[in-house]
Amino acid sequence: MKSLKIAGVPEHFNLPWQLAIENNKFHEVGIDLQWTDVPEGTGKLCQMLRDGSTDIAVILTEGIIKDIVNGNNSKIIQIYVESPLIWGIHVGADSKYSTLSDLENTKVAISRFGSGSELMAYVNADQQGWDKNSLTFEVVNTIDGAVTALTNGIADYFMWEHFMTKPLVDKGIFRRVGDCPTPWPSFVIAVQEDVLQENPDEIKKLLISINKQTKVFKSIPNIDAILASKFQQKIEDIQQWLKLTEWSQNNLSEEMTKTIQNQLFELQIINKKATYINLVKAL
């Protein structure tokens, strides 16, 4: 039995992994897969791939591309979620800001530098026609940290996945002033290069197993109720999220990789571009 470490955010997107682990789907192909929840998000996941505290990460596409360009010795081996991630743009309940345009030249709460919450702040600023170079940030680590920062006026707005933050909106802790979908597939699966070279057959088996799970995930009886209960969501919100979310069993194409890098380069999120073979590995 080969032991492999995998990490990802504790969100509804990753329930297929949890179910496959609980149902011994990886054990059946000789893999002892150890999952770690990482609420800090993509910046932390990139660090874990770099320092070897995880072998594999389910990670935001833009975040891992940026980090591989900057020296992370990992490869993208597949798209995990094809559909865009819908980033809600939130202010504190008592914030003086009421519209998206009000947030120009204010401070952004981010989980950490290199995270999706930072990178998407640049995407949003570009879409709004703001000066991207004037963005300022407050590192808050987690959603709980963002609640504290926005409630106490330490930061002014926070971007995080629309549906995971909706309970905070429903409770009157946050107000959502807009949404900013990613202009690319939201999540990919990335593996440390050394792990990939040493265990190619096991990584292939892992992909086959998770792909079987994601293909049938939406048809699991009562999956909407299971998700709503596990993630403290309203069932109608989960049903809407399921309609919008599409998992993938394909790899990132060279064309899409080029498109993403071009956008990141134009936004000055990266200052150089990597070749396709440096970013993506076909199995």
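The largest cavity has a volume of about 130 Å³, where a cavity is a set of points on a 1 Å grid over the protein atoms alone at which a 1.4 Å probe fits but cannot get out, and where a volume is the space filled by probe spheres set on the points, grid points being joined across faces, edges and corners. The structure is a predicted model, in which local features need pLDDT of at least 70 and side-chain atom pairs count only at pLDDT 80 or more, whereas totals for chains, interfaces and linings use all residues. Residues are numbered from 1 along each chain as its sequence is written, and side-chain values use heavy atoms, with hydrogens and water left out.

Of the 18 residues that line the largest cavity, Val9, Thr42, Leu60, Trp87 and Trp160 are the closest to its centre, lining residues being those with an atom within 4 Å of a point. Helix H2 (42-51), strand E3 (56-60), helix H4 (116-128) and strand E8 each supply at least two residues of this lining, and E3 gives the most, with 3 residues; helices (H or I, at least four residues) and strands (E, at least two) are DSSP runs numbered from the N terminus. By class, the lining of the largest cavity divides into 9 nonpolar, 6 polar and 3 charged residues, with Ala, Val, Leu, Ile, Met, Phe, Trp, Tyr, Cys and Pro counted as nonpolar, Asp, Glu, Lys and Arg as charged, and the others, Gly among them, as polar.

The largest pocket, a pocket being an open set of points with protein on both sides within 12 Å along at least five of seven lines, has a volume of about 410 Å³. Of its 15 lining residues, Pro10, Ile143, Met164, Phe231 and Gln232 are the closest to its centre. Helices H5 and H6 (162-170) are the elements that give two or more residues to this lining, and the largest share, 3 residues, comes from H6.

Five strands form an open sheet of mixed pairing in the order E7-E6-E8-E5-E9, two strands being paired if DSSP finds at least two bridges between them. Strand E7 (136-139) and strand E9 (174-181) stand at the edges with a single partner strand each, so one side of each is left without a neighbour in the sheet. The twist averages 35° from one strand to the next, with axes taken as lines fitted to C-alpha atoms, for helices over the stretch in contact, and angles running from 0 to 180 degrees between N-to-C directions. Strands E5 (residues 86-92) and E8 (residues 157-161) run antiparallel and are joined by 4 bridges, with Ile89 opposite Met159 in E8. Helix H5 (residues 143-151) lies across E5, strand E6 (107-110), E8 and E9, at about 155° to E8.

A further open sheet of 5 strands, likewise mixed, has the order E2-E1-E3-E10-E4, and its edge strands, E2 (31-37) and E4 (74-81), each pair on one side only. E4 and strand E10 (residues 187-192) run antiparallel and are joined by 6 bridges, with Lys75 opposite Val191 in E10. H2 packs on this sheet, touching strand E1 (2-8), E2, E3, E4 and E10, and its direction makes about 150° with that of E3, contact meaning heavy atoms within 4.5 Å.
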